[in-house]
Amino acid sequence: MTRPIGDVVLALESISLSFGGVKALTDISFDVREHEVRAIIGPNGAGKSSMLNVINGVYRPQQGTITFRGKPRRDMNTHDAAAQGIARTFQNIALFRGMSVLDNIMTGRNLRMKATFLEQAIWWGRARNEELEHRRKVEEVIDFLEIQHIRRTPVGRLPYGLQKRVELARALAAEPSMLLLDEPMAGMNVEEKQDMCRFVLDVNEQYGTTIVLIEHDMGVVMDISDRVVVLDYGRKIGDGTPDEVRGSQAVIDAYLGVAH
Amino acid sequence: MEERQDTFPRLLLHHARVRPNHPATREKDLGIWQTWTWAEVAAEVRSLACGLAAQGFRRGMHLAIIGDNRPRLYWSMLAAEALGGVPVPMYQDAPAAEFVYVLNDAGIEYAVVEDQEQVDKLLEAKPQVATLAHIYYDDPRGLRNYEGVTSFARLQEIGREFDRAHPSFFDEEVAKGKSSDVSGMLYTSGTTGKPKGVCQTHGAFIAAAKGGAEFDRLTASDSILSYLPMAWVGDHLFSYAQWLWCGFTINCPESGDTVMTDLREIGPTYYFAPPRVFENLLTQVMIRMEDAGRVKQWLFRHFTDVARRCGAQILDGKPVGALDRLQYALGDVLVYGPLRNVLGMSRIRVAYTAGAAIGPDLFRFYRSIGINLKQLYGQTETCAYVCLQPDGGVRFDTVGVAAPGVELKLADNGEVLVRGPMLLKEYYNRPDATAESIDAAGYFHTGDAGVIDAGGQLKIIDRAKDVGKLAGGSMFAPNYLENKLKFFPHIKEAVAFGAGRDEVCAFVNIDVGSVGNWAERRGLAYSGYTDLAAKPEVYALIRECVEKANAELATEGDLAASQIRRFLILHKELDPDDDELTRTRKVRRGFVGEKYGVLIDALYSGKARQHIETEVKFEDGRRGMVAADLAIEDAKTFAPQAKAAA
């Protein structure tokens with residue numbers, strides 16, 4: 001792989017998040033560099049999804065600083081995160097099931113639409129030109145993810161693996177600079193996983209998109225990530241290249257369990 | 001100056017002059033159909049050819065072409081021919097290991113491929129192919145950081161520079177071409193042994209294209225969908241030779257998965273598909289009809305009955321009663337028209353099927369709803385052009401009369417022999433094979449056994465060398481039996497055994513789509529092919545089919561002895577990746593017989609079950625094991641009956 005990994009774009013410092021008495025994240029710090037594939041792994045309940053939710057502003061951590069593109073802040077907010085070029089997919093698919101694949105992906109362009117509600121409603125003037133432009137972009141994504149054959153199919157009729165791909169398509173339609181993927185390969189068979197890996201790497205390579213992903217499949221994580229951060233019970237127990245992490249005793253203990 | 005139209009590049013320039021603004025090629029890209037006119041195609045080909053020349057491609061060299069049907073790949077064939085080179089289209093779904101043989105056999109130095117997938121395969125094959133030096137790709141996606149491969153755009157850029165420096169080069173090269181030059185090398189599918197490169201001249205393919213075009217009155221205003229493998233002779237004839245002869249429009253689908261939608265959007269006037277495509281289309285329609293409301297179901301059933309009764313006669317212009325005509329006209333408005341539209345066949349004037357036998361019900365169905373589906377017969381060595389069915393003389397069990405310019409006769413053993421301008425020049429580097437298949441009188445031995453019926457139409461029974469005898473001395477034509485089984489929608493593949501044995505036994509592959517749907521409707525849960533195939537209910541379903549086939553065979557004289565006594569449903573689908581089928585999906589009976597020897601023994605030894613483990617190759621090259629305990633069942637056979645008077 002020859003894409004150059006750049007400077008730190010996102011730095012999380014001493015993040016702590018709790019819900020009442022439950023400590024979801026405790027004093028976690030790690031960073032994400034431009035153009036890299038950064039994985040977050042850990043057993044169930046380790047705080048991985050919470051971490052993603054902190055990054056794109058769904059949760060507000062009680063402590064810590066988030067520095068995104070050089071600008072430190074106490075927390076992100078979702079709209080701000082999206083406007084800054086952070087897009088995401090969800091662990092349990094969050095698409096509009098009754099809408100076609102094309103329409104679902106079009107919603108990913110929403111933030112970039114300038115026309116007013118009224119203009120869009122009567123599809124006139126700049127709304128029209130804008131839609132043609134957005135449609136072109138969406139078609140590029142459709143081509144990129146090879147889902148031309150389901151363009152007009154309602155999402156609800158698609159098999160799970162394809163729905164996941166549509167979700168990725170919607171995230172990509174926003175032309176993000178950073179993509180957060182929450183278990184993009186959960187519940188997939190081997191072939192679907194391979195396809196998804198290839199798409200994730202292609203996105204990273206073709207568009208230079210920085211990718212932060214949560215994944216359970218160790219083979220996948222070790223294969224496609226540049227660096228891995230390991231969480232367990234809301235604490236960071238490892239951080240480094242796949243090889244470093246694989247060799248770490250704390251990580252092995254967390255995954256295999258340890259006799260107390 | 002009198003214009004010679006005797007090579008493909010000259011035909012291209014001819015169209016660019018005569019109909020410069022007529023659409024020549026369309027491709028659906030980013031959801032929109034893009035069009036190139038003949039003048040534009042000529043310009044594209046010119047820059048490609050000049051690019052290749054600047055990169056050292058010379059007269060007589062071979063250019064490998066690998067990928068789905070993409071305009072630029074068709075243009076590359078023209079570019080190679082313009083320089084006096086020979087395009088060698090290869091099957092795009094073959095794994096790298098299979099590429100190696102053909103690449104070496106053809107001595108490939110230059111290759112033009114579609115995308116990253118094919119580039120990866122070529123790079124994988126490269127260490128074993130000493131000659132391969134230049135790889136060009138169409139779709140740049142994922143290839144940005146590859147070294148040693150060149151994009152199409154870059155190649156054309158080089159070409160345009162070269163063209164500016166040598167403005168007369170292209171026309172001179174085209175002028176050097178001769179009709180007797182080899183224009184393309186298509187590899188045989190290798191049903192038996194290694195594939196052989198079939199060298200066809202411009203003259204041969206143009207003769208075949210011209211003969212077929214005149215036979216069916218094709219014109220420049222026709223339009224076809226190009227979706228069959230470019231390495232297949234059928235596509236080379238329809239999407240290339242006839243395209244360039246007639247000057248019509250070829251349309252390249254967006255991807256392999258969108259063919260159905262693209263077919264509807266384009267509405268071709270001329271259509272070619274192997275029987276399985278027609279079968280899949282019909283299966284999809286039938287599955288959707290079962291989900292339709294009562295009224296629609298009733299309408300569909302009623303009017304397909306009407307069509308079955310009189311549709312084909314109306315299509316052939318035969319006399320039909322006034323009441324039936326009225327019913328048919330009503331059916332056309334309510335059912336057949338909309339159905340043709342859904343199938344993308346509203347505008348079809350002529351449709352052909354070839355490559356395998358087509359089931360009688362299937363064939364009649366399409367004709368009955370007003371689609372002029374016909375059969376043709378030919379092989380790679382004859383430019384897919386030997387017999388065609390004339391309008392008004394279409395029958396499901398024959399392949400038609402000798403095409404214009406073709407001489408046809410049967411050898412003493414029933415083998416079909418043909419002679420004419422469409423014959424191959426030779427097998428590449430295989431004078432032994434050439435001498436074996438073309439006799440002193442110039443007849444090509446097709447290897448097919450056939451008979452000519454009272455109407456002068458040829459009927460193909462089987463491969464001549466496959467026709468054997470049962471131990472009792474009766475004729476055994478395995479292909480004929482397999483086709484009979486495959487005509488049932490639930491059966492996808494069948495392999496019959498019996499040569500030299502007392503009785504006939506068979507392996508069956510169920511059709512997962514059709515049987516799966518059947519199972520779902522009965523609330524029968526299954527996890528995959530292997531599981532579904534082993535269900536006793538499925539066995540009963542297949543037994544019913546086998547017994548129906550037996551009942552038919554009982555009426556067919558000598559073939560009555562070939563009734564299938566025992567059968568089993570294989571635990572895996574026969575697959576070209578496991579060498580069980582050829583790339584054109586024909587069963588390699590010998591190989592299958594050896595691989596599953598233990599199953600054949602079990603069939604003939606009367607066992608009720610047999611355990612088997614089989615290694616399978618996945619698409620990505622990994623291997624795995626499939627194991628199963630297969631049941632073996634007996635099928636009812638029937639006493640031979642005299643054939644009912646036809």
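**Entry 1: a sheet in chain B.** I started with an open sheet of four strands in chain B, ordered β2-β1-β11-β10, with mixed pairing. β2 (32–37) and β10 (223–225) of chain B are the edge strands with a single partner strand each, so one side of each has no neighbour in the sheet. Neighbouring strands here are turned by 20 degrees against each other on average, direction ignored. For my own reference, the axes behind such angles are lines fitted to C-alpha atoms, for helices over the stretch in contact, and angles run from 0 to 180 degrees between N-to-C directions. Strands (E, at least two residues) and helices (H or I, at least four) are DSSP runs numbered from the N terminus, and two strands pair if DSSP finds at least two bridges between them.

β10(B) runs parallel to strand β11 (residues 249–252) of chain B, joined by three bridges. B:Ile224 sits opposite B:Ile250 in β11(B).

**Entry 2: ground rules.** I'm working with a predicted model, where local features need pLDDT of at least 70 and side-chain atom pairs count only at pLDDT 80 or more, while totals for chains, interfaces and linings use all residues. Residues are numbered from 1 along each chain as its sequence is written, with chains lettered from A and ligands numbered from 1 in the order in which they are written.

**Entry 3: around β18 of chain B.** Which residues of β18(B) are on the covered face? In this strand (residues 415–419), I find B:Val416 and B:Val418 there, with B:Glu415, B:Leu417 and B:Arg419 on the uncovered face.

β18(B) pairs antiparallel with strand β17 (residues 407–410) of chain B over four bridges. B:Leu410 stands opposite B:Val416. The hairpin of β17(B) and β18(B) has four residues between the strands, and B:Gly414 takes a positive phi near 90 degrees. I also looked at strand β20 (residues 444–452) of chain B, which runs antiparallel to β18(B) with three bridges. There, B:Val418 has B:Phe444 as its bridge partner.

**Entry 4: chain B as a whole.** I count 21 helices and 28 strands in chain B. Its radius of gyration is 25 Å, close to the 26 Å from the globule rule for 646 residues, so chain B is as compact as a globular protein of that length. The radius is taken over C-alpha atoms, and the rule is 2.2 Å times the number of residues to the power 0.38. Of the 646 residues, 48% are buried, meaning that 20 or more other C-beta atoms, placed from the backbone, lie within 10 Å of a residue's own.

The domain assignment, automatic or from a database, gives domain 1 (8–191) and domain 2 (468–634) in chain B. Their centres, taken over C-alpha atoms, are 41 Å apart.

**Entry 5: chain A.** Chain A has ten helices and ten strands. Buried residues make up 37% of chain A.

**Entry 6: where the chains meet.** How many residues of chain A are in contact with chain B? I find 13, facing eleven residues of chain B, where contact means C-beta atoms, placed from the backbone, within 7 Å. α5 (126–144) and α7 (190–207) of chain A each supply at least two residues of that side of chain A. By class, this side has no nonpolar, five polar and eight charged residues. I counted Asp, Glu, Lys and Arg as charged, Ala, Val, Leu, Ile, Met, Phe, Trp, Tyr, Cys and Pro as nonpolar, and the others, Gly among them, as polar.

Technical notes
Contact = placed C-beta atoms within 7 Å. Buried ≥ 20, exposed ≤ 12 C-beta atoms within 10 Å, placed from the backbone.
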